[in-house]
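Here is a short walk through one structure. Please keep the sequence and the 3D view side by side as you read.

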Amino acid sequence: MSNAPTEEKVLSVEHFTDRLFRFEISRPASFRFRSGEFIMIGLPKTEEQRKPIMRAYSVASPSWDDKLEFYSIKVPDGPLTSRLQKIQGGDTILLGKKPVGTLVLDALLPGKRLYMFSTGTGIAPFASLIRDPETYERYDQVILTHTCRQKAELSYGLRLVNDLKDDPLVGEMVGDKLLHVASLTREDYPLKGRITTLIESGELFNNAGTPPLNPEEDRVMICGSKDMIDDTAAIVEKFGLKEGSNSNPAEFVVEKSFVG
Ligand code: A2P
């Protein structure tokens, strides 16, 4: 079987801000992935770009969905996103064949609460996981945090969580198990501050009504920029949680969200 990407069709595109958009593409019947994984996607070659440009993107839709959704930043001079931000329904997207990643339920030991710490487009893998029934089968409580600079950047996550209540598949399972904690760093908002600050000050736990992190009960997934991951992972480790992987599940896992 060839490893070459398949050619998929853009089904919808939605722009949130001048920096953020989401799009959906067709999903080949043979394409299998675990919620939370990422995949290489790209655009066909052109006269100027002789090779297709492929980048790693977290799949934002859950593994049961018949479409694939992605949530992306727009970088004006980014090799891929400068072109990708202009896609329209019916355009062709190249889709890799090998989904991978560590932000998967299998890379964590069983626990009581699952925290998902995200910044910016780092919410994408969690958009997949919060729509997967297995997440609610494995945990009593799921706490999704999303920190952005400005309010408009929270829109995607706020709507996603709001719509989940009416979702025919997971709506009832979600019940009051899912808590969405949104914060801003550069505009006024009820909760202000970086996730690192909110964890260290205890404000996150006050807000969520949960005890401070502990390795017996809590599991953590982290997705954002490299600095955000490094800083957040260091704090989570101070609470005694150990990093896991697919081959060695433990108490927390990390992954860098796509930029460029
Ligand atoms: P801040 O506004 O204080 O930089 P970005 O768009 O740069 O990826 O940032 C998204 C969000 O992540 C912003 O709210 C930003 O806060 C926050 N952030 C940036 N760096 C870190 C870090 N090292 N640790 C935690 N949060 C961070």
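Which strand and which helix each supply at least two residues of the shell around the ligand? They are strand S8 (141-148) and helix H8 (226-238). Helices (H or I, at least four residues) and strands (E, at least two) are DSSP runs, numbered from the N terminus. H8 gives the most to this shell, with three residues.

A word on the basis of what follows. This is a predicted model, in which local features need pLDDT of at least 70 and side-chain atom pairs count only at pLDDT 80 or more, while totals for chains, interfaces and linings use all residues. Residues are numbered from 1 along each chain as its sequence is written, and side-chain values use heavy atoms, with hydrogens and water left out.

Now look at the ligand itself. Among the residues that surround the ligand are Arg19, Thr119, Cys148, Arg186, Arg194, Asp227 and Asp231. A residue is near a molecule or strand if one of its heavy atoms lies within 4 Å of it. By type, the shell holds two nonpolar, four polar and six charged residues. Here Ala, Val, Leu, Ile, Met, Phe, Trp, Tyr, Cys and Pro count as nonpolar, Asp, Glu, Lys and Arg as charged, and the others, Gly among them, as polar.

Next come the polar contacts. A polar contact is a pair of N or O atoms within 3.5 Å; within protein, one must be able to donate a hydrogen and the other to accept it, and residues adjacent in sequence count only if both atoms are side-chain atoms. The side chain of arginine 186 has an N or O atom 2.6 Å from an oxygen atom of the ligand. For arginine 194, a polar side-chain atom lies 2.9 Å from a ligand oxygen atom. Aspartate 227 uses its backbone: an N or O atom there is 3.4 Å from a nitrogen atom of the ligand. On its own, the ligand has 550 Å² of accessible area, and the protein covers 82% of it. Accessible areas come from the Shrake-Rupley method with a 1.4 Å probe; for residues, only the protein chains shown count as cover.

Cys148 belongs to the ligand's shell. What is the relative accessibility of cysteine 148? It is 4%, so cysteine 148 counts as buried. Buried means under 20% relative accessible area, exposed over 50%, partly exposed in between (1.4 Å probe, protein chains only). Cysteine 223 is buried too, at 1%.

Serine 183 sits in strand S9 (residues 178-184). Its relative accessibility is 1%, so serine 183 counts as buried. The serine 183 side chain reaches the backbone oxygen of glycine 193 at 2.8 Å. Serine 118 is in strand S7 (residues 113-119) and is buried at 0%. Its side chain reaches the backbone oxygen of threonine 145 at 2.8 Å.

Finish with the rings. The whole structure holds 10 aromatic pairs. Rings of Phe, Tyr and Trp (its six-membered ring) pair if their centres lie within 6.5 Å; planes under 30 degrees apart count as stacked, over 60 as edge-to-face and the rest as tilted. Phenylalanine 21 and phenylalanine 23 are stacked, 5.6 Å centre to centre with 25 degrees between the planes. Both are buried.
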